[in-house]
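I opened the notebook to record what I looked up in this structure. The entries follow the order in which I checked things.

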Amino acid sequence: KGFTFLIKELKESVDVVFDITIVCRGPIPTIADIIKGNKFKADYYLRKIPVKDIPLGSDEETAKWLIDVYKTKDDLLEHHSQFGAFPGPERYLPRRIYPRLIVFCWSLLLFVPFALYTTYLAATKAYTALILMAAFLVAAYTALIL
């Protein structure tokens, strides 16, 4: 019912719906793995479905169409499990530098004031604050590992 409601409300402002089927090669990554930057490989199948091709007459028609989409996804997953790839031509996406550049800039933006404040605390011999800051960093790092 959620998709049916959304597509009917957004049909004037949205031209296409993207249907993405993803299969991870190897162990499925967790959010912590992604945050830590661990590499993983995945295959994906992307379909671009124009909103005008989605039946919007009644809720039942839209629900039936959505069930058919999920049956197609099941067939794609079955094909991938049998042949190790999705049907159709394979395309490899090159790595882009922009995400790394954004992480680098945010790291600088956060690290420089942190380093200056830590230097200030050390210079003023505020050891209690330094110990609390170190404990916070250890706790944050431990939370990322788990």
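**Entry 1: Asp-19**

I began with Asp-19, which is buried, with a relative accessible area of 8%. The model is a predicted one, and I read what follows with that in mind. I placed Asp-19 in strand S1, residues 16-25. I then looked for a partner for its side chain and found Lys-73, joined to the side chain of Asp-19 by a polar contact of 2.6 Å. I also listed the contacts of Asp-19, leaving aside neighbours within four places in sequence: Tyr-45, Leu-46, Arg-47, Ile-49, Val-69 and Lys-73.

**Entry 2: Asp-43**

Is Asp-43 buried or exposed? I noted it as buried because its relative accessible area is 18% and the cut-off for buried is under 20%. I found two side-chain partners to write down. The side chain of Arg-25 makes a polar contact of 2.6 Å with that of Asp-43. The side chain of His-80 makes a polar contact of 2.7 Å with the side chain of Asp-43. Beyond four places in sequence, I have Asp-43 in contact with Thr-21, Ile-22, Val-23, Arg-25, His-80, Gly-84 and Phe-86.

**Entry 3: helix H3**

Lys-73 and His-80 are both among the buried residues of H3, and I went through that helix next. What do the buried residues of H3 pack against? I found helix H1 (2-10), S1 and S2. I checked the length as well: H3 has 25 residues and reaches 36 Å from its first C-alpha to its last, close to the 36 Å expected at 1.5 Å a residue. After H3 I came to Gly-84, whose phi is positive, near 75°.

**Entry 4: helix H4 and Lys-125**

I repeated the length check on H4. Its 26 residues should span 38 Å at 1.5 Å a residue, and the end C-alpha atoms are 37 Å apart, so the two agree. Just after H4, I noted a positive phi of about 60° at Lys-125. I marked this value because most residues other than glycine have a negative phi. Lys-125 is a residue other than glycine, with its phi near 60°. I located Lys-125 in the loop between H4 and H5. I logged Lys-125 as exposed because its relative accessible area is 58% and exposed means over 50%.

**Entry 5: two loop residues**

I looked up Arg-95 in the loop between helix H3 (59-83) and H4. Arg-95 is exposed, with a relative accessible area of 60%. Leaving aside neighbours within four places in sequence, I found Arg-95 in contact with Lys-39 and Arg-100. I also took a distance: Arg-95 and Pro-50 are 45 residues apart in sequence and 28 Å apart in space, C-alpha to C-alpha.

The other residue was Pro-27, in the loop between S1 and H2. I have Pro-27 down as exposed, with a relative accessible area of 71%. From Pro-27 to Lys-41 I counted 14 residues in sequence and 9.3 Å in space, C-alpha to C-alpha.

**Entry 6: the largest pocket**

I then went to the pockets. The largest pocket has a volume of about 1800 Å³. Of the 30 residues that line the largest pocket, I noted those closest to its centre: Phe-40, Ala-42, Tyr-44, Leu-93 and Pro-94. Helix H2 (31-36), strand S2 (41-50) and helix H4 (98-123) are the elements that give two or more residues to this lining. Which element gives the largest share? I found S2, with six residues. I sorted the lining of the largest pocket by class and got 16 nonpolar, five polar and nine charged residues.

**Entry 7: the second largest pocket**

The second largest pocket holds about 170 Å³ of space. I listed its lining as Leu-110, Phe-111, Phe-114, Phe-136 and Leu-137. H4 and helix H5 (127-145) are the elements that give two or more residues to the lining of this second largest pocket. H4 gives the largest share here, three residues. By class I have five nonpolar residues in this lining, no polar and no charged.

Notes: Residues numbered from 1 in each chain as written. Predicted model: local features only at pLDDT ≥ 70, side-chain atom pairs only at ≥ 80, totals over all residues. Heavy atoms only, no water. 1 Å grid on protein atoms, 1.4 Å probe; cavity = no way out; pocket = protein on both sides within 12 Å on 5 of 7 lines; lining within 4 Å. Points joined across faces, edges and corners; volume = space filled by probe spheres on them. Helix = DSSP H or I, 4+ residues; strand = E, 2+ residues; numbered from the N terminus. Nonpolar A, V, L, I, M, F, W, Y, C, P; charged D, E, K, R; others polar. Expected span 1.5 Å × (residues − 1). Buried < 20%, exposed > 50% of the residue type's maximum accessible area, 1.4 Å probe, protein only. Polar contact = N/O pair within 3.5 Å; in protein donor to acceptor, adjacent residues only side chain to side chain. Contact = heavy atoms within 4.5 Å.
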